[in-house]
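Let's take a walk through a protein model together. Keep the sequence and the 3D view open while you read.

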Amino acid sequence: MTKRAPFIVIEGLDRSGKTTQIETIRQRIQNSGRDVVCIKFPDRATPIGQMIDSYLRSQSDLDDHVVHLLFSANRWELASTIISYLNQGKIVLCDRYAFSGIAFSVAKSLPTEVESPPSDLPPITLPWARAPDASLPAPDLTLFLDIAPQVARVRGGYGEERYEKEDLQRRVRSVFGEIGREMSGEDRKWVVVDAGLSLSAVSQEIWGYVEPLLDGLDSSVGRLWT
Ligand code: Z5A
């Protein structure tokens, strides 16, 4: 049986170095003579991605439940393409995935120091947030680039988008911690990397996890949370 390629996800907070590290891994994989494709969520180019883009830039307002479902729909838009790449032997490197979806949406529902206006809708919980992403292609490895928001801030500062605020990033980090505790039981498919180290130290550590997967896998692509 021909092997299929691995699906590798990089997760982390804003400014944790996801984009930088994906580019380094992509080059190393290409230099090793293998096919690799990079994707990023949200994919702002699709019709749903354009709605998300407008929301993130604060050009439109949407209820938190609605935007959560849009982020998930954006992943479903690419789900069959991901599976097809993997079955063609193309390694998929993905910048953010369903875990970001859960972490950001649940973090928005956590209590804050500043009181928010009362809502008629229920808060977003982990089980509610996970449901729309169940059965998406499951990553074979997720590398969570962990960084304290105060260290991330030093890296050129946060941008102008809706979620680029230190208080929210702190709450997101704590939800990512909870997701990591749930996921870490799963055959080391979730790995925490200290993203506060130097660029080369981080990429060396990441490569140590990625390299063993490069020759492909015998199993078919898994399904998330099934
Ligand atoms: N979101 C959501 O709510 N729900 C979902 O389902 C999904 C996403 C998928 C999309 O942002 C927003 O959507 C995101 C989550 C939410 N909101 N936030 N925050 P995005 O994808 O467009 O932006 P981002 O993911 O936050 O990426 P970023 O700001 O570009 O950060 P990054 O890719 O992790 O970092 P970087 O660009 O590689 O590096 C940042 C700077 O740090 C740069 O100057 C580097 O040279 C420097 N750097 C990187 N690594 C190091 C080290 N090790 N040392 C020193 N300096 C470094």
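## A walk from loop to helix

Start with Pro42, which sits in the loop between β2 (36-40) and α2 (47-56). Those labels come from DSSP runs numbered from the N terminus: helices are H or I runs of at least four residues, and strands are E runs of at least two. Pro42 is joined to Phe41 by a cis peptide bond, with omega at about 0°.

Two notes on how to read all this. Residues are numbered from 1 along each chain as its sequence is written. The model is predicted, so to speak of local features a pLDDT of at least 70 is needed, side-chain atom pairs count only at pLDDT 80 or more, and totals for chains, interfaces and linings use all residues.

### Around the ligand

Which residues come nearest to the ligand? Of the 23 residues around the ligand, they are Gly17, Thr19, Phe71, Gly101 and Phe104. "Around" has a cut-off here: the C-beta atom of the residue, placed from the backbone, lies within 6 Å of the molecule. The elements that give two or more residues to this shell are α1 (18-31), α4 (98-109) and α8 (199-210).

What kinds of residues make up the shell around the ligand? There are eight nonpolar, nine polar and six charged residues. In this sorting, Ala, Val, Leu, Ile, Met, Phe, Trp, Tyr, Cys and Pro are nonpolar, Asp, Glu, Lys and Arg are charged, and the others, Gly among them, are polar.

You'll find Gly17 in the loop between β1 and α1. Leaving aside neighbours within four places in sequence, Gly17 is in contact with Leu145, Ala195 and Val202; contact means that the C-beta atoms of two residues, placed from the backbone, lie within 7 Å.

### Helix α4

Now for α4, one of the elements that give residues to the ligand shell. Its twelve residues should span 16 Å at 1.5 Å a residue, and its end C-alpha atoms are 17 Å apart, which agrees. The expected span is 1.5 Å times one less than the number of residues.

Is α4 mostly covered or mostly open? Mostly covered: twelve of its twelve residues are buried, including Phe99, Ile102 and Lys108. What covers the buried residues of α4 includes β1 (7-12), α3 (64-87), α5 (126-130), β4 (141-146) and α7 (166-183).

Let's look at one of those neighbours. α3 and α4 pack at an angle of about 175°, with their axes 10 Å apart. The axes are lines fitted to C-alpha atoms, for helices over the stretch in contact, and the angle between N-to-C directions runs from 0 to 180 degrees. On the α3 side the contact is made by Asp64, His68, Phe71, Ser72 and Arg75, and on the α4 side by Ala98, Gly101, Ser105, Lys108 and Ser109. By class, that contact has two nonpolar, five polar and three charged residues.

### Loops worth a look

Arg96 has a positive phi of about 70° although it is not a glycine. Arg96 is in the loop between β3 (91-95) and α4. Ser135 isn't a glycine either, and its phi is positive at about 85°; Ser135 is in the loop between α5 and β4.

How buried or exposed are some of these loop residues?

| Residue | C-beta atoms within 10 Å | Class |
|---|---|---|
| Arg96 | 20 | buried |
| Ser135 | 13 | partly exposed |
| Ala131 | 12 | exposed |
| Pro122 | 9 | exposed |
| Ser198 | 8 | exposed |

Ala131 is in the loop between α5 and β4, Pro122 in the loop between α4 and α5, and Ser198 in the loop between β5 (190-194) and α8.

Pro122 and His65 are 57 residues apart in sequence and 9.3 Å apart in space. Gly17 and Gln50 are 33 residues apart along the chain, and 24 Å separates them.
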